[in-house]
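Hello,

Here is the structure I promised to hand over. Please open it first, then read my notes below.

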Amino acid sequence: MGLADTSESLQRALLPVATLRLVAHAPQHGYALIAALRAAGFTKAQGGTLYPLLRAMEEDGLVASRWEVPATGPARKVFEATSRGLAR
C-alpha cells in the first residue's frame with residue numbers, strides 16, 4: 001500500500017511532516033516542493049494547499065524564506081528549514 005492509497009485526511013495530516021523533511025534536505029521553491037510531494041504520493045499537493053502551510057510554518061519558526069533571482073526567469077521564493085524546524 002503506497003501513500004497514494006491512503007485517505008485524503010491522512011495525506012493532509014502528513015503533509016507538514018513531509019514538507020519539513022523536504023526543506024530540511026535542501027532549500028526548495030514551491031513548484032519543486034509540489035513536484036516532490038506528488039512524486040512521493042501526495043496526489044492532492046497543490047499551491048492552494050502548500051503555500052498557506054509554508055506561511056504557517058514560517059510563522060511558527062520552522063522554515064525561513066528568501067527570494068532567489070535567477071539569471072533568467074522570474075524571482076522565486078525559496079524555503080529552507082530553520083534550526084527549530086530541524087530539531088523537530
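**A64 and strand β2**

Leaving aside neighbours within four places in sequence, A64 is in contact with E58, V78, F79, E80 and T82. Bear in mind that this is a predicted model. A64 sits in strand β2, which covers residues 63-68. Its relative accessibility is 30%, so A64 counts as partly exposed: buried would need under 20%, and exposed over 50%. A64 and A18 are 46 residues apart along the chain. Their C-alpha atoms are separated by 16 Å.

**The nonpolar core**

Next, the core. The largest nonpolar core has 17 residues. Those with the most contacts inside it are L20, V23, L33, L37, F42, L50 and M57. At least two residues of this core come from each of α1, α2 (30-39), α3 and β3 (76-81). Take L33 from that list. Not counting residues up to four places away in sequence, L33 touches L22, V23, Q28, L50, L54 and F79.

**Q28**

Q28, one of the contacts of L33, belongs to strand β1, residues 28-29. Is Q28 buried or exposed? Its relative accessible area is 15%, which is under 20%, so Q28 is buried. The side chain of Q28 reaches the backbone oxygen of L22 at 3.4 Å. Q28 also touches L33, K77, V78 and F79, again not counting residues up to four places away in sequence.

**T19**

T19 lies in helix α1, residues 8-25. T19 has 0% relative accessibility, so this residue counts as buried. Which residues does T19 touch, not counting those up to four places away in sequence? They are L37, L50, L53, L54 and M57. L37, L50 and M57 are also among the core residues with the most contacts inside the core.

**The largest pocket**

Last, the pocket. About 160 Å³ of space lies in the largest pocket. Its lining consists of P16, V17, L20, L53, A56, M57, D60, L62, G85 and R88. By type, the lining residues divide into seven nonpolar, one polar and two charged. L53 and M57, both in contact with T19, are part of the lining.

Best wishes

Notes
Residues are numbered from 1 along each chain as its sequence is written. This is a predicted model: local features need pLDDT of at least 70, side-chain atom pairs count only at pLDDT 80 or more; totals for chains, interfaces and linings use all residues. Side-chain values use heavy atoms; hydrogens and water are left out. Helices (H or I, at least four residues) and strands (E, at least two) are DSSP runs, numbered from the N terminus. Buried means under 20% relative accessible area, exposed over 50%, partly exposed in between (1.4 Å probe, protein chains only). Contact means heavy atoms within 4.5 Å. On a 1 Å grid over the protein atoms alone, a cavity is a set of points where a 1.4 Å probe fits but cannot get out, and a pocket is an open set with protein on both sides within 12 Å along at least five of seven lines; lining residues have an atom within 4 Å of a point. Grid points are joined across faces, edges and corners, and a volume is the space filled by probe spheres set on the points. Ala, Val, Leu, Ile, Met, Phe, Trp, Tyr, Cys and Pro count as nonpolar, Asp, Glu, Lys and Arg as charged, and the others, Gly among them, as polar. A polar contact is a pair of N or O atoms within 3.5 Å; within protein, one must be able to donate a hydrogen and the other to accept it, and residues adjacent in sequence count only if both atoms are side-chain atoms. A nonpolar core is a set of buried Ala, Val, Leu, Ile, Met, Phe, Trp, Tyr and Cys residues joined through side-chain atoms within 4.5 Å.
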